[in-house]
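Please work through each task before reading its solution.

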Amino acid sequence: MSKKNSIFKLLSQKPWDPDQAKLDNLHEGSTLDISKGKLGLRYLMIISTIFFCLFIVTYSDRLVYQDWKSMPEPILLWLNTLLLVITSAVFISAQIASNKNNFEIVKNRMIAIGLLSFLFLLGQLLVWQQMIDQGYYVSSNPANAYFYVFTALHGLHLLGGLVYWMMTIKKVWNPKDIIVMKAKHTVELCAIYWHFLLAVWVVLFGLMLLT
């Protein structure tokens, strides 16, 4: 049975039913076959998704007013998007190497991922500077304010991910100290989070392009 089916089965249970209560009393305490790390990551991703969705809803409501003036899309935003896509691709390569226990390759990939992530953040700061130089201030227009809020929130999430990236680097840095299962698990969690950040950015960037 897949994890997805297990979750649906768990949600459909009726703990108040006498027969179900008997079954619940027999289990050993574990209800879902999922690690604490993955459970925590999923919880974080769900909360972040709700958070971004709330901002998207307010964004959609606000843009219908006449004072809304769309911002330009500098080429640097497209380059930053490409950096995130490349980062996710490198993470896939790191996961493949991790599954094959090639942790020297994993270490090199993680270093590249860190550099690409820092370049993305630097690129976002340069976009801000470019927009400010052109007179697109936060207080000038609601569209400007949402642009800075969206990019700032995404950047903060990426900075948080870099903390976990540092923990992953530490676990694969020295071949003699590597605990294989823990290293694989950490690489997997880090990759999932980066793919999530890419998905969020694509949605936000696409929304800003369309409006």
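## Exercise 1. The nonpolar core

The largest nonpolar core holds 51 residues, and Met110, Phe147, Phe150, Trp165 and Trp194 have the most contacts inside it. The model is predicted: local features need pLDDT of at least 70 and side-chain atom pairs count only at pLDDT 80 or more, while totals for chains, interfaces and linings use all residues. Residues are numbered from 1 along each chain as its sequence is written, and side-chain values use heavy atoms, with hydrogens and water left out.

**Task.** Determine which helix gives the most residues to this core.

**Solution.** Step 1: a nonpolar core is a set of buried Ala, Val, Leu, Ile, Met, Phe, Trp, Tyr and Cys residues joined through side-chain atoms within 4.5 Å. Buried means under 20% relative accessible area, exposed over 50% and partly exposed in between, with a 1.4 Å probe and protein chains only. Step 2: H3, H4, H5, H6 and H7 each supply at least two residues of the core; helices are DSSP runs (H or I, at least four residues) numbered from the N terminus. Step 3: H7 gives the most, with 16 residues.

## Exercise 2. Aromatic pairs

**Task.** Classify the ring pair of Trp68 and Tyr146, then that of Phe120 and Trp201.

**Solution.** Step 1: rings of Phe, Tyr and Trp (its six-membered ring) pair if their centres lie within 6.5 Å; planes under 30 degrees apart count as stacked, over 60 as edge-to-face and the rest as tilted. The count by this rule is 15 aromatic pairs.

Step 1: the ring centres of Trp68 and Tyr146 are 5.9 Å apart and the planes stand at 45°, so this pair is tilted. Trp68 lies in the loop between helix H3 (36-62) and helix H4 (75-99), and Tyr146 lies in helix H6, 78 residues apart. Both Trp68 and Tyr146 are buried.

Step 2: Phe120 and Trp201 are edge-to-face, with 5.7 Å centre to centre and 85° between the planes. This pair links helix H5 (residues 103-133), which holds Phe120, to helix H7, which holds Trp201, across 81 residues. Phe120 and Trp201 are both buried.

Step 3: ring pairs also join Tyr59, Trp68, Tyr146 and Phe150 into a cluster.

## Exercise 3. Cavity and pocket

**Task.** Describe the linings of the largest cavity and of the second largest pocket.

**Solution.** Step 1: on a 1 Å grid over the protein atoms alone, a cavity is a set of points where a 1.4 Å probe fits but cannot get out, and a pocket is an open set with protein on both sides within 12 Å along at least five of seven lines; lining residues have an atom within 4 Å of a point. Volume is the space filled by probe spheres set on the points.

Step 1: the search finds 2 cavities of 30 Å³ or more, and the largest holds about 140 Å³. Its lining has 13 residues, with Tyr59, Met71, Glu73, Phe147 and Met208 nearest the centre. H6 supplies the largest share of this lining, 3 residues.

Step 2: the second largest pocket has a volume of about 160 Å³. Its lining includes Leu41, His157, Tyr164 and Cys190. H3, H6 and H7 each supply at least two residues to this lining, and H6 gives the most, with 5 residues.
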